[in-house]
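Here is a protein model to explore step by step. Keep the structure in view as you read, and find each part as it is named.

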Amino acid sequence: MDINEQTQAILAYGETCDHCLGRFFGKRSHGLSNDERGRGLKIALALAGNHPYTQFSGTCWVCGNFFESVPLWADRVVEATRGLEFSTFVIGCRVPPLVAENEEMVWSDLSLADPEPFKSEVNREVGKAVSVRIGKKADIKKPEVVMILDPLAGTVEVQVHSVYFYGRYQKFERGIPQTHWDCRACRGRGCEKCNFTGAQYLDSVEELIGRPVIEMFDAENAVLHGAGREDIDARMVGTGRPFILEVVSPKKRSIDLAMLEAEINRTADGRVSVAIKRWADRAEVETLKSNKAHKKYRILVEVDGELSADEFANALKSLNGVTIQQRTPERVAHRRADKIRERKVLDIVFVGEQDGKYLVEVLGEAGLYIKELVSGDSGRTIPSLAEILKRKAHVTSLDVTQVEGAKEGE
Ligand SMILES: [Zn+2]
Ligand SMILES: [Zn+2]
């Protein structure tokens, strides 16, 4: 079949608008829009004497004249995004099943080599019309918002992509979890036990950072992605812990990060503080979370019975550089698989005595359980400080002082 015969065969299905006719050959003859191409095909057919040329005036059997409503859809999109700050967008479309069926039938009946689907033309044409109205660019690769048209429902759904920034946080107060915990009794619904807050702990690092963020970005939520997490009762000081904050569905995006940092630090009131380094993106979150960073801790150790500082320091030395076998600790066994992991004590030093306790600095391979390294966890961690000292030992306070991070270019 030559192209005139194909055109004739398509028109034999029913009245076809220029857009849909041209789209059946959409990936040919670049530089033409589908409706120009469709009109050209009809003219070529008339010139060949096969078909009288008539201006299209009926109802297109493929699309039901969808393309006449492109300006209307562009207006709907503008309306749906009113009040939303963004610079790039992309249009999406839920293709009515009948339209897809119609065009796919022609593709296969006539073995068409290079048709363009309805969806692509809708997204492009409505995108162009929106672009003209709002002076912003359609950007398939990095859209800040996606507007999904639903021709059957006559609606536009707006999906606002999250904004991300990278920083480090310090936590100066013990008893604050990294992220929000639902109340154990009511699972977040609110009950007497949690004073109808739904929370097990009133504040989390995530919420202390997130609240001013939600306000400034006029966002729905803020989610903290940390490079690991410290225990609730541990402080996070020194270098701070790297994190990426995901700002969910923000209405504003052009926030000054220095002002944001100042506002977070003001409202967190010394319980938590942040240093925001730069903007980040979705792809970095996984990298950050899987970051196997070595961590440095400062711990206070209590030992049963009398012990000289020398004896203590010598016991520590025998742990230096040693690979530790750790069965999943009892305290986390309810939420983690029971298995044995091997982690190295990279460095461990005795700093000095403090109120009858021993101050120790440990640099551990990522994933080393520090409390169990000291206590032995009823024989689940081998070797341990308690085992070497042949008496009970445990950590009474723990600070994380250093976590390696991603590249932090200002
Ligand atoms: Zn059509
Ligand atoms: Zn509750």
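This is a predicted model: local features need pLDDT of at least 70, side-chain atom pairs count only at pLDDT 80 or more; totals for chains, interfaces and linings use all residues.

Strand β11 (residues 340-354) runs antiparallel to β12, and eight bridges join the two. Look for V345: its bridge partner in β12 is G364. How many residues lie between β11 and β12 in their hairpin? There are two. In the turn sits D355, with a positive phi of about 50°.

Now look for another partner of β12. Strand β9 (residues 295-303) is joined to strand β12 (residues 357-364) by seven bridges. These strands run antiparallel. Here Y297 has V362 of β12 as its bridge partner. What holds such strands together? Strands of a sheet pair through backbone hydrogen bonds, and the pairing is either parallel or antiparallel.

Next comes an open sheet. Four strands form it, in the order β2-β1-β3-β4. The pairing is mixed. Which strands stand at the edges? They are β2 (137-138) and β4 (155-160). Each has a single partner strand, so one side of each is left without a neighbour in the sheet. Follow β2 to its partner. Strand β1 (residues 88-93) pairs with β2 in the parallel sense, over two bridges. F89 has A138 in β2 as its bridge partner.

Helices lie across this sheet. Helix α4 lies across β1, β3 (145-150) and β4. Its direction is at about 45° to β4. Helix α6 (residues 118-134) lies across β1, β2 and β3. This helix runs at about 145° to β1.

Turn now to the zinc ion (ligand 1). Which residues are its protein donors? They are C17, C20, C60 and C63, each through its SG atom. The donors lie 2.2 to 2.3 Å from the ion. Angles among the four donor atoms are 105 to 115°, and the site is tetrahedral. For comparison, the ideal angle for four tetrahedral donors is 109.5 degrees. In sequence, the donor residues are spaced C-x2-C-x39-C-x2-C. C20 lies in helix α2 (residues 18-23), while C63 lies in the loop between α3 (34-47) and α4 (70-80), so this pair ties together parts that are 43 residues apart in sequence. Are these two cysteines buried or exposed? C20 has 0% relative accessibility, so it counts as buried. C63 has 10%, and it counts as buried too. The cut-off for buried is under 20%.

Helix α3 also packs against another helix. Helix α1 (residues 3-11) meets α3 at an angle of about 105°, and their axes are 10 Å apart. The two helices are therefore roughly perpendicular to each other. On the α1 side, I3, N4, T7, Q8 and L11 make the contact.

Finally, both C186 and C194 are buried.

Methods
Residues are numbered from 1 along each chain as its sequence is written. Chains are lettered from A and ligands numbered from 1 in the order in which they are written. Side-chain values use heavy atoms; hydrogens and water are left out. Donors are N, O and S atoms within 2.8 Å of the metal (3.2 Å for Na, K and Ca); water is not among the atoms, so sites may look incomplete. Four donors count as tetrahedral if all angles lie between 85 and 135 degrees; four count as square planar and six as octahedral if opposite donors are over 155 degrees apart and all others between 65 and 115; anything else is irregular. Buried means under 20% relative accessible area, exposed over 50%, partly exposed in between (1.4 Å probe, protein chains only). Two strands pair if DSSP finds at least two bridges between them. Axes are lines fitted to C-alpha atoms, for helices over the stretch in contact, and angles run from 0 to 180 degrees between N-to-C directions. Angles under 35 degrees count as roughly parallel, over 145 as roughly antiparallel, 65 to 115 as roughly perpendicular and the rest as oblique. Contact means heavy atoms within 4.5 Å.
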